[in-house]
Amino acid sequence: MKRKYIQLISAVLYNCHITGFVTGKIYKGRTKGICVPGLNCYSCPGAVGACPLGSLQNALTVSAYRVCLYILGTLLLFGILFGRLICGFLCPFGLIQELLYLIPLPKIQKSKVTAALSCLKYAVLLFTVIAIPLVRFIPAFCKYICPAGTLEAGLPLVIADEVLRSRIGWLFSWKVFVLVVFVLISMICFRAFCRFICPLGALYSLLNPVSFFGITVDRERCTGCNACIDVCKMDTCAVGDRECIQCGECIHACPECAIRYKTTRGKDKWEKEN
Amino acid sequence: MTESVRKNFIRCIILAAAVIMIIAGLTGGAFRDVFTRAVMICMECIGIG
């Protein structure tokens with residue numbers, strides 16, 4: 001199945017409370033206690049699950065360490081099972097950025113500058129998701145940065161709810177500005193938010209090289225031609241490294257057919273041939 | 001210890017840690033707390049509060 005369909009299906013599944021978009025009321029069912037793997041604001045009128053980053057920050061602001069255990073355990077579980085496969089297949093905001101990148105405009109190619117910028121997301125994770133919520137009791141990432149929250153929750157709720165509309169101020173203007181900046185950058189730079197800012201991607205990236213599922217390379221077949229790295233639009237240095245979102249574009253680019261998903265039948269084929 | 005054995009060992013340790021953390025959190029009522037927070041509009045998330 002094509003990756004775009006999986007991304008679309010996951011986005012719909014995360015936000016299948018469709019009536020919420022009309023009424024401006026968020027979902028209040030039991031599934032709201034379960035964190036979804038991708039970045040999806042739980043205040044989105046359609047959301048049927050909790051955002052792991054929002055939940056983690058709120059738990060840290062009130063020092064609810066058992067809640068932190070539950071959320072960190074969930075993130076570890078997602079990360080060790082799938083790594084950044086989640087970014088490539090199960091993140092609605094990643095899909096939105098990829099669709100924006102389809103707009104025919106001059107594109108910024110990956111370079112040493114973008115590779116250096118990709119380290120920024122670890123600082124965002126450390127300061128806005130962990131340190132500031134712990135020290136200043138503010139969910140800083142959600143409050144000042146998260147463009148997914150503005151797009152999926154802020155705008156729909158403000159449009160649908162007159163009371164909320166009457167309360168908007170400088171913070172809302174700032175968040176809309178951040179969203180507009182990321183929308184514009186995403187048109188010319190592939191998944192800019194994921195590569196440079198996303199703390200969820202930063203967390204999963206740490207587990208990406210050891211995750212159970214994902215992409216792997218047959219070292220005996222690999223000739224080191226780097227066709228995989230050349231075709232990749234992320235800041236990868238090797239297939240399956242921290243920046244790899246396991247999208248699988250390199251599988252088709254490899255002239256030696258040395259790249260495959262760990263769970264496909266390719267392994268059997270290799271074993272028979274060798 | 002080969003590379004793949006070492007990786008599998010790390011995977012299993014992390015997987016076990018994740019499961020233990022989830023269980024520890026759930027027994028402490030974490031599900032209810034996450035649920036309680038998630039069913040309210042997050043004013044910070046939407047840029048109001």
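Which domains does the domain assignment give for chain A? In this predicted model, chain A is assigned domain 1, covering 3–207, and domain 2, covering 215–273. The C-alpha centres of domain 1 of chain A and domain 2 of chain A are 28 Å apart, and the contact involves 13 residues from domain 1 of chain A together with 10 residues from domain 2 of chain A. On the side of domain 1 of chain A that touches domain 2 of chain A, α5 (85–89) and α7 (112–117) of chain A each supply at least two residues, and the largest share, 3 residues, comes from α5(A). By class, the residues on that side of domain 1 of chain A divide into 4 nonpolar, 5 polar and 4 charged.

In soluble globular proteins, nonpolar side chains tend to be buried together.

Another residue to look at is A:Leu60, which is found in helix α3 of chain A, residues 52–61. Is A:Leu60 buried or exposed? A:Leu60 has 23 C-beta neighbours inside 10 Å and therefore counts as buried, since the cut-off for a buried residue is 20 or more. Setting aside its neighbours within four places in sequence, A:Leu60 is in contact with A:Cys68, A:Ile130, A:Pro133 and A:Leu134. A:Leu60 and A:Ile138, which are 78 residues apart in sequence, have a C-alpha to C-alpha distance of 8.9 Å in space.

A pair of helices in chain A shows how two elements can meet. The axes of helix α10 (residues 147–160) of chain A and helix α12 (residues 170–188) of chain A come within 8 Å and cross at roughly 105°, and α10(A) and α12(A) are therefore roughly perpendicular to each other. From α10(A), the residues A:Pro147, A:Thr150, A:Leu151 and A:Gly154 meet A:Phe172, A:Lys175, A:Val176, A:Val178, A:Leu179 and A:Phe182 in α12(A). The residues of this contact of α10(A) with α12(A) comprise 7 nonpolar, 2 polar and 1 charged.

Chain B has 3 helices and 0 strands, and its C-alpha trace spans about 55 × 25 × 10 Å along its principal axes. Of the 49 residues in chain B, 31% are buried. Where the chains meet, 30 residues of chain B are in contact with 40 residues of chain A. On the side of chain B that touches chain A, the elements giving two or more residues are α1 (3–27), α2 (30–38) and α3 (43–46) of chain B, and α1(B) gives the most, with 12 residues. That side of chain B has 20 nonpolar, 4 polar and 6 charged residues.

Technical notes. Residues are numbered from 1 along each chain as its sequence is written. Chains are lettered from A and ligands numbered from 1 in the order in which they are written. This is a predicted model: local features need pLDDT of at least 70, side-chain atom pairs count only at pLDDT 80 or more; totals for chains, interfaces and linings use all residues. Domain bounds come from an automatic or database domain assignment. Two residues are in contact if their C-beta atoms, placed from the backbone, lie within 7 Å. Helices (H or I, at least four residues) and strands (E, at least two) are DSSP runs, numbered from the N terminus. Ala, Val, Leu, Ile, Met, Phe, Trp, Tyr, Cys and Pro count as nonpolar, Asp, Glu, Lys and Arg as charged, and the others, Gly among them, as polar. Axes are lines fitted to C-alpha atoms, for helices over the stretch in contact, and angles run from 0 to 180 degrees between N-to-C directions. Angles under 35 degrees count as roughly parallel, over 145 as roughly antiparallel, 65 to 115 as roughly perpendicular and the rest as oblique. A residue is buried if 20 or more other C-beta atoms lie within 10 Å of its own, exposed if 12 or fewer, and partly exposed in between; C-beta atoms are placed from the backbone.
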